[in-house]
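Subject: A structure for you to look at

Hi,

Here is the structure I promised to pass on to you. Have a look at it first, and then read my notes below.

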Amino acid sequence: MDLMTMIMKMGDGLGKTCAIFFLTLLFSLPLGMIIALLGKCKIKVISSVTRFCISVLRGTPLMLQLIAVTYGPYYLFEVSVSRNKLIPVVVAFSINYAAYFAEIYRSGIESIPQGQYEAAQVLGYSKAQTFMKIILPQVIRVILPSATNEIVTLVKDTSMAFTVSYQEMFTIGKEIANSQTSFVPFIVAGVFYYVFNAIVSFIMSKVEKAMSYYSI
Amino acid sequence: MNILKMSKVQKSFGRNHVLKDISLEVNKGEVVSIIGPSGSGKSTLLRCATLLETMDGGTLSYMGDNVCELKNGKMEYAKNLNKFRKCFGLVFQSFNLFPHWSVVKNVTDAPISVLKRDPEEVKAEAMELLRKMGLEDKAEAYPSQLSGGQKQRVSIVRALAMKPEILFFDEPTSALDPELTGEVLKVIKQLAEESMTMVIVTHEMSFARAVSDRVIFMDGGVIVEQGRPEDLFGDTKEDRTKQFLQHYQNL
Ligand SMILES: Nc1ncnc2c1ncn2[C@@H]1O[C@H](COP(=O)(O)OP(=O)(O)OP(=O)(O)O)[C@@H](O)[C@H]1O
Ligand SMILES: [Mg+2]
């Protein structure tokens with residue numbers, strides 16, 4: 001198989017790689033905020049259960065979580081493994097990344113001085129207004145660098161989907177490498193991820209610049 | 001009618017009994033200064049009045065309306081506290097401006113999105129207030145681009161834009177470099193001349209003497225002495241007050 005055919009075949013999987021990436025961001029960014037807020041809930045049971053879940057998700061391999069979500073239903077309830085593995089893959093990624101984003105949000109929220117809440121309260125802002133208009137914009141600004149790190153990691157982590165044989169770019173590359181006994185597909189994959197991340201970094205640095213119109 | 005009335009206010013943090021039976025009435029147009037040593041409960045009193053802390057006992061009312069009452073030994077606050085928040089403004093020692101908003105947004109957002117007032121009208125009033133405070137050229141600046149004195153003047157404008165009946169200040173100049181306190185004190189004096197009702201916690205004794213109708217000396221969670229500034233500073237009755245004032249020799 002020549003290089004061009006390899007690239008074409010692996011490029012076919014790129015759409016699925018992108019699907020994992022974008023869908024995971026779409027679900028995990030808001031879900032992470034919900035988890036962060038639950039972890040700060042005044043009701044002790046809710047906050048401790050939430051924090052325990054976060055520690056499990058962060059303390060066990062993503063690979064295991066992928067296998068658990070994809071094949072777990074089959075072993076537990078004998079429902080057949082769905083043929084479209086995109087759903088379990090995105091579910092596993094979203095939950096896992098939500099746990100990481102939750103920790104980032106938490107540290108961001110904790111970095112906002114109490115005086116901001118007090119000023120808002122005295123001015124009569126509701127709790128929701130205070131969060132949406134005053135706290136959240138400042139939190140986003142603070143967490144942008146660590147969120148960027150996490151997003152760059154997500155690009156590379158999409159390759160984990162090979163553990164459940166989801167036909168994204170890396171899985172295809174690995175199959176070609178096996179059948180052709182060639183190392184070239186791995187190099188192609190490396191270039192793909194590098195370019196993908198260069199684009200991500202470029203966009204995030206633009207966002208960061210746009211957000212730094214004020215300093216603290 | 002008195003704008004603010006607090007009586008027999010009690011407040012503890014754990015076993016630390018911070019406010020013991022404080023009673024305070026402020027009439028329309030009156031300027032009251034509160035002085036006292038560190039830890040005497042001055043900030044806690046303002047925080048109870050501005051609903052940032054809940055009181056353990058006593059009463060609090062604005063314009064004759066009770067904010068809270070004791071029921072079966074438990075303090076119960078009114079359901080709609082925003083009605084009372086419209087009555088007062090608070091200027092913090094550390095400004096607490098919103099850093100992600102320009103000066104004019106800091107000043108106009110609450111009147112627009114809390115009081116639901118007409119944005120154009122609010123903006124015009126805000127610019128007028130900023131002009132009065134010598135800040136018109138800072139309207140589009142962000143708080144981080146301002147000096148401490150400018151920040152504090154903006155935070156005074158932010159409070160005034162809500163058209164409060166009474167304005168509380170908690171050591172408005174304590175976070176400022178000495179050469180910047182003057183510009184903030186001047187603004188407060190100007191408000192006093194316009195008969196703004198104010199309660200000012202301060203360590204600036206000569207300012208308190210010049211601007212106040214009444215000065216209150218607090219120590220250990222009680223009001224030790226109060227009176228007209230010329231009496232309290234000139235003809236001090238209580239030994240504790242005398243002792244405290246000895247630290248300020250420039251009177
Ligand atoms: N949130 C809190 N939790 C526990 N203790 C508190 C709290 N706020 C204040 N205190 C205590 O209450 C007492 C009075 O504090 P407060 O801040 O009212 O004093 P102050 O008169 O304003 O002093 P200063 O002049 O230093 O500002 C102090 O002993 C302080 O430690
Ligand atoms: Mg204080």
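Let me begin with confidence: chain B has an average pLDDT of 94, and 99% of its residues score at least 70. Please keep in mind that this is a predicted model. For the model, the scores are ipTM 0.94 and pTM 0.90.

Chain A overall

What is the secondary structure of chain A? The chain comes to eight helices and zero strands, so if you follow the elements from the N terminus you will read α-α-α-α-α-α-α-α. The C-alpha trace of chain A spans about 70 × 45 × 25 Å along its principal axes. Of the 216 residues in this chain, 44% are buried.

A nonpolar patch on chain A

Part of that surface deserves a look of its own. A nonpolar surface patch of about 830 Å² is made by A:Leu31, A:Ile34, A:Leu38, A:Ile43, A:Val45, A:Ile46, A:Val49, A:Ile87, A:Val91 and A:Ile95. Which helices supply at least two residues each to the nonpolar patch? They are α1 (3-39), α2 (44-59) and α4 (86-110) of chain A. Take A:Ile87 as an example: this residue sits in helix α4 of chain A. Is A:Ile87 buried or exposed? Its relative accessibility is 57%, and because exposed means over 50%, A:Ile87 counts as exposed.

Aromatic rings

A search of the whole structure gives 17 aromatic pairs over all chains. One of them is B:Phe217 with B:Phe244: the ring centres are 5.1 Å apart and the planes are at 35°, so this pair is tilted. The pair links distant parts of the chain, with B:Phe217 in strand β10 (residues 214-219) of chain B and B:Phe244 in helix α9 (residues 239-245) of chain B, 27 residues apart. Both B:Phe217 and B:Phe244 are buried.

B:Phe244 also forms an aromatic pair with B:Tyr248, which is tilted too, at 5.4 Å centre to centre and 55° between the planes. Compare how the two residues of this pair are covered. B:Phe244 has a relative accessible area of 8%, so it is buried, since the limit is under 20%. B:Tyr248, at 22% relative accessibility, counts as partly exposed.

Chain A has aromatic residues to look at as well: A:Phe93, A:Tyr97, A:Tyr100 and A:Phe101 form one aromatic cluster.

One residue of chain B

With a relative accessible area of 37%, B:Asn27 is partly exposed. Which residues is B:Asn27 in contact with, leaving aside its neighbours within four places in sequence? The answer is B:Met1, B:Asn2, B:Ile3 and B:Thr197. B:Asn27 and B:Lys5 are 22 residues apart along the chain, and their C-alpha atoms are separated by 8.8 Å.

Enjoy exploring, and do write back with any questions.

Best wishes

Terms used: Residues numbered from 1 in each chain as written. Chains lettered and ligands numbered in written order. Predicted model: local features only at pLDDT ≥ 70, side-chain atom pairs only at ≥ 80, totals over all residues. Heavy atoms only, no water. Patch = residues over 30% accessible without salt bridge, like charges linked within 9 Å, V, L, I, M, F, W, Y side chains within 5 Å. Areas by Shrake-Rupley, 256 points an atom, 1.4 Å probe, with all protein chains shown as cover. Salt bridge = Lys/Arg side-chain N within 4 Å of Asp/Glu carboxyl O. Helix = DSSP H or I, 4+ residues; strand = E, 2+ residues; numbered from the N terminus. Buried < 20%, exposed > 50% of the residue type's maximum accessible area, 1.4 Å probe, protein only. Contact = heavy atoms within 4.5 Å. pLDDT = per-residue confidence, 0-100. Phe/Tyr/Trp six-rings, centres within 6.5 Å; stacked < 30°, edge-to-face > 60°.
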